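Dear colleague,

Please find below the structure that I am handing over to you. A summary of the findings comes after it.

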Amino acid sequence: MNEIGLFGKRKKQKYHSYIGEVGRIAENIINRDFISDGPNKKRIGRLLIPLWLKNIGYLNYPLLYLSLYFKQNRTEYYGLLMDVRFKGKYEEWLKFFLKGIIEMSKNSIQTINKITALKNEVKNKIDNLKVRNKEKLVLAMNYIFSHPYFDSTDLRKFLNVTKPTVSNIVSSFCKLNIVSPVAEKQRYVTYRFNEYITLLEEGTEI
């Protein structure tokens, strides 16, 4: 038409992404509003998944980190979500999701084994020290596995010991390269359980 000088006009239509209800709507068995009206709100849904699995008895502890699986398979993740939204294809999404549970379960087991090995290694370092009150050092070790970032005040309250005693314990941990200060020149020093935190952060940089 352009070649013979004819031009057509078509009224611009406003784009709408909403196409109505597609397919079957799953029952909202955990009574959660899944509508996202702000940034990062759907991430809460990811956190609820392992908590819900624990609540119904499929997990003893909510140790599944599914966000890592979604990050590792980002393209497939978004593609399958769009297929659910526009084509009602739930089955492929469920297969993808269940595969993620299997992979992250294996990943969690590997991480737990590494943490167990690390705990044994730290315990051996303590056993080889020629100091008194090793039982306090073992208690302190258990504490930093629960609190990988800590300060001496909180550790002293937990152990119920004097300031000089907790200072000696933290100093021993520093000499063994178990912990290190986050910032040395601050009045209240925070310490970091380096190797443990590295284990917990594996994969999160993706």
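This is a predicted model: local features need pLDDT of at least 70, side-chain atom pairs count only at pLDDT 80 or more; totals for chains, interfaces and linings use all residues.

Residues are numbered from 1 along each chain as its sequence is written, and side-chain values use heavy atoms, with hydrogens and water left out.

Helix packing

Two packed helices are described by the angle between their axes and the distance between the axes. Helices (H or I, at least four residues) are DSSP runs, numbered from the N terminus. Axes are lines fitted to C-alpha atoms over the stretch in contact, with angles from 0 to 180 degrees between N-to-C directions. Angles under 35 degrees count as roughly parallel, over 145 as roughly antiparallel, 65 to 115 as roughly perpendicular and the rest as oblique.

Helix α5 (residues 134-146) and helix α7 (residues 163-175) have axes that come within 11 Å and cross at roughly 70°, which means that α5 is roughly perpendicular to α7. In contact (heavy atoms within 4.5 Å) are K136, L137, A140, M141 and I144 of α5 with I169, S172 and F173 of α7.

Helix α6 (residues 152-159) packs against α7 at an angle of about 115°, the axes lying 10 Å apart; α6 and α7 are therefore roughly perpendicular to each other. This contact involves S152, L155, R156 and L159 of α6 and K163, V166, I169 and V170 of α7.

The axes of α5 and α6 come within 10 Å and cross at roughly 120°, so α5 is oblique to α6. Here K136, L139, A140 and Y143 of α5 meet D154, L155, F158 and L159 of α6.

Salt bridges

A salt bridge is a side-chain nitrogen of Lys or Arg within 4 Å of a carboxyl oxygen of Asp or Glu. The count by this rule is 4 salt bridges. One of them joins the side chains of D83 and K87 (3.8 Å, N to O). Because D83 and K87 are 4 residues apart in helix α3 (residues 74-87), about one helical turn separates them.

Surface patch

Y61, L63 and I112 form a nonpolar surface patch, with about 330 Å² of accessible area together. Patch residues have over 30% relative accessible area and no salt bridge, with like charges joined within 9 Å and nonpolar side chains (Val, Leu, Ile, Met, Phe, Trp, Tyr) within 5 Å. Accessible areas come from the Shrake-Rupley method with a 1.4 Å probe, and for residues only the protein chains shown count as cover. L63 lies in the loop between α1 (42-55) and α2 (66-72).

With kind regards

Technical notes. Helices (H or I, at least four residues) and strands (E, at least two) are DSSP runs, numbered from the N terminus.
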